[in-house]
Each structure stands twice: as C-alpha cells, then as structure tokens.
Amino acid sequence: MTTGNGRAKFSDDCRFFNEARAVNRIGHPGIVQVSEHGHHTDGSAYLVMELLTGQTLHDYQASQNGPLTVFETVHLGRQIVTALLAAHEKGIVHRDSKVRRLRRENPDTRGLRKKWGSPKSGKRNDRHRTSC
C-alpha cells in the first residue's frame, strides 16, 4: 500500500504511518498487522501488511443465493465486534468500516480479518495520533 503518486504531503505521510502504528498497538488476530513502513526513494510512503487470502465479506455476500444464515451473521458479527472492541480498548476508533475491508479467510481457522484504514485515537491528546 502506498500513498498517492509519490507526491504525498508530510501530513498525509504522518497519517499513513500513524495508521500502521495504531493497528499494531491493537494486537488482535482479526486485525491485519503492518510489518514495515517507510519511504520509497521517490519520497512516496509505503506500508507492508500481511497478505490476506479469501474473499471480501462483500464478495462473499454477493456469491450467496440469498441472505446469510442467522448462524453466519451472528458468527461474523461476533468476530467484527471483538476486533472493534480490542481497538476501542486501546483508545482507537475506526472511522471507515465497510464490508469491502473485511476479508473472510478459511472460516474453520482464522475467520474474518479486518484491513484498517483511517483509524483515529479516541483520546484527545494521544501522541500516536499526531506524531510522525
């Protein structure tokens, strides 16, 4: 994942890197971890995240013949809630949740995984939100 076309502003880079630090502070198996971040030689920022397999929840829903079963809905909902709760316990609020950011991996093992974008600290003076 990279920012823009190599001409990202400093504030955009800070927000980008703060996202990497925020998701790693959560440390939940349902949230994708960032293994590295930095700048390319052209100045554009990058994040290296773990590779996700499976379908997005959006694509999975679209491939079903009708709505998800009650069991599936509750099962997936619990996974989403526990991941968001882990974030909230660290003072991080996700501002852009959508089914296209949720990936349904092998349901017998890891289950639902969340790719984060635009997390924000819920604390007013949290240094992780503004430092870079």
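This is a predicted model: local features need pLDDT of at least 70, side-chain atom pairs count only at pLDDT 80 or more; totals for chains, interfaces and linings use all residues.
## Overall make-up

The chain contains four helices and seven strands. Read from the N terminus, the order of these elements is α-β-β-β-α-α-β-β-β-β-α.

The chain has 132 residues, and 37% of them count as buried. Of the contacts between residues at least 6 apart in sequence, 60% join residues that are at least 24 apart.

## Helix H3

Helix H3 covers residues 70-89, which is 20 residues. At 1.5 Å a residue, the helix should span 28 Å, and the C-alpha atoms at its ends are 28 Å apart, so the two values agree.

Which residues of H3 are buried? They are Glu72, Leu76, Gln79, Ala83, Ala86 and Ala87. Viewed down the axis of H3, the buried residues fall within an arc of 110 degrees, and they therefore line one face of the helix. An α-helix has 3.6 residues a turn, so residues three or four places apart point the same way. On the other side of H3, the exposed residues are Val70, Phe71, Arg78, Val81 and Glu89.

After H3 comes glycine 91. The phi angle of glycine 91 is positive, near 80 degrees.

## Glycine 30

Where does glycine 30 lie? Its place is in the loop that runs between helix H1 (10-26) and strand E1 (34-39). Glycine 30 has a relative accessibility of 8%. Buried means under 20%, so glycine 30 counts as buried.

Glycine 30 can also be placed relative to arginine 103. The two residues are 73 apart in sequence, and their C-alpha atoms are 9.6 Å apart in space.

## Methionine 49

Methionine 49 belongs to strand E2, which consists of residues 45-49. Is methionine 49 buried or partly exposed? Its relative accessibility is 23%, so methionine 49 counts as partly exposed.

Key:
Residues are numbered from 1 along each chain as its sequence is written. Side-chain values use heavy atoms; hydrogens and water are left out. Helices (H or I, at least four residues) and strands (E, at least two) are DSSP runs, numbered from the N terminus. Buried means under 20% relative accessible area, exposed over 50%, partly exposed in between (1.4 Å probe, protein chains only). Contact means heavy atoms within 4.5 Å. The expected span of a helix is 1.5 Å times one less than its number of residues. The arc is that of the directions from the helix axis to the C-beta atoms.
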